[in-house]
Amino acid sequence: MSLPVLVAIAGFLAVLGTSVFVAWLAFSVGRWLGSREALRADREHEGPVGSVVGATLGLLAFTLAITFNMAHTKYNDRKQLVREDVRAIETAYDRALLLPEEASHAAHEKLVEYARIRAFDTFANPDLPIAAIIARSEKIQQELWAQALAHRDNPQIRFYMDALSAMRNIHAERVTVGIHDHVPIPVWIALIFVTALGMVTMGYQASLVGSKRARAMIPLIVAFCVILTMALDLDRPQQGILRVDQGPMIRLDASLEHRSDR
């Protein structure tokens with residue numbers, strides 16, 4: 001197992017451990033408040049408190065489900081865009097044959113480079129210069145477009161230009177979805193706040209009813225924290241352990257390299 005993979009796993013476990021610790025701390029605060037309330041002569045009745053705990057945990061589960069679904073949807077969108085990017089590059093490579101022979105050869109070289117710089121594995125290259133890759137990709141797009149415009153008198157070139165347009169649009173969408181589009185910070189704050197409230201109310205109820213089995217709550221706390229940590233990991237597509245698969249682009253790079261060598 002490579003060092004970047006171990007680092008990613010260690011980061012995941014660190015976040016999970018921190019979330020479990022914070023949740024357990026909130027549960028302990030609730031137990032302390034509940035034990036104080038239990039000593040009072042006019043303490044609260046267990047029934048209403050149980051209803052509050054059930055409602056709070058239900059709200060927590062609902063909030064967690066919404067957050068996880070948002071992160072998972074964005075993760076799937078990123079995977080889909082990789083496949084669309086592959087199809088767009090391959091289409092542009094094929095339609096470059098509509099150019100004159102010399103121009104076609106030059107376009108193929110640029111498209112091979114375009115695929116190569118995008119066929120990255122962040123586990124193998126953890127310090128990948130994403131900004132430089134984006135800048136070079138856009139530079140190649142401009143060069144290909146200028147080359148196509150030089151042959152726009154050929155009526156068939158419009159099919160090649162359509163492919164270049166699709167390639168540029170998908171690139172822009174990949175940059176937006178992959179780098180800038182994440183689960184909003186207020187959603188994470190709300191989720192953490194509701195989680196803390198849920199743990200406090202559980203601890204409060206446990207002490208109020210005189211339960212001495214706090215360890216029985218550990219699996220529930222860990223389960224909530226695992227889902228929360230997975231949602232956070234899905235929202236970091238090139239940093240966590242659940243990274244977007246770049247396999248289709250890597251295979252395209254190998255295929256175009258083979259075709260250009262013929």
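Predicted model: local features only at pLDDT ≥ 70, side-chain atom pairs only at ≥ 80, totals over all residues.

Guide: Two packed helices are described by the angle between their axes and the distance between the axes. For helix α4, residues 130-149, and helix α5, residues 157-180, the angle is about 165° and the axes lie 10 Å apart. Angles over 145 degrees count as roughly antiparallel, so α4 is roughly antiparallel to α5. The crossing of α4 past α5 is left-handed.

Now to the side chains and their neighbours. On α4, the residues making the contact are Ile130, Ile134, Ser137, Glu138, Gln141, Leu144, Trp145, Gln147, Ala148 and Leu149. Facing them from α5 are Ile157, Tyr160, Met161, Leu164, Ser165, Met167, Arg168, His171, Val175 and Ile179. By type, the residues in this contact comprise 13 nonpolar, 5 polar and 2 charged.

Stepping back, this pair belongs to a protein with 8 helices and 0 strands. With a radius of gyration of 27 Å, well over the 18 Å that the globule rule gives for 262 residues, the protein is more spread out than a compact globule. The C-alpha trace spans about 95 × 40 × 20 Å along its principal axes. Of the 262 residues, 38% are buried. Finally, taking contacts between residues at least 6 apart in sequence, 82% join residues at least 24 apart.

Note on methods. Residues numbered from 1 in each chain as written. Heavy atoms only, no water. Axes fitted to C-alpha atoms, helices over the stretch in contact; angles between N-to-C directions. Helix = DSSP H or I, 4+ residues; strand = E, 2+ residues; numbered from the N terminus. Parallel < 35°, antiparallel > 145°, perpendicular 65-115°, else oblique. Left-handed = near helix turned anticlockwise from the far one by under 90°. Contact = heavy atoms within 4.5 Å. Nonpolar A, V, L, I, M, F, W, Y, C, P; charged D, E, K, R; others polar. Rg over C-alpha atoms; globule rule 2.2 N^0.38 Å. Buried < 20%, exposed > 50% of the residue type's maximum accessible area, 1.4 Å probe, protein only.
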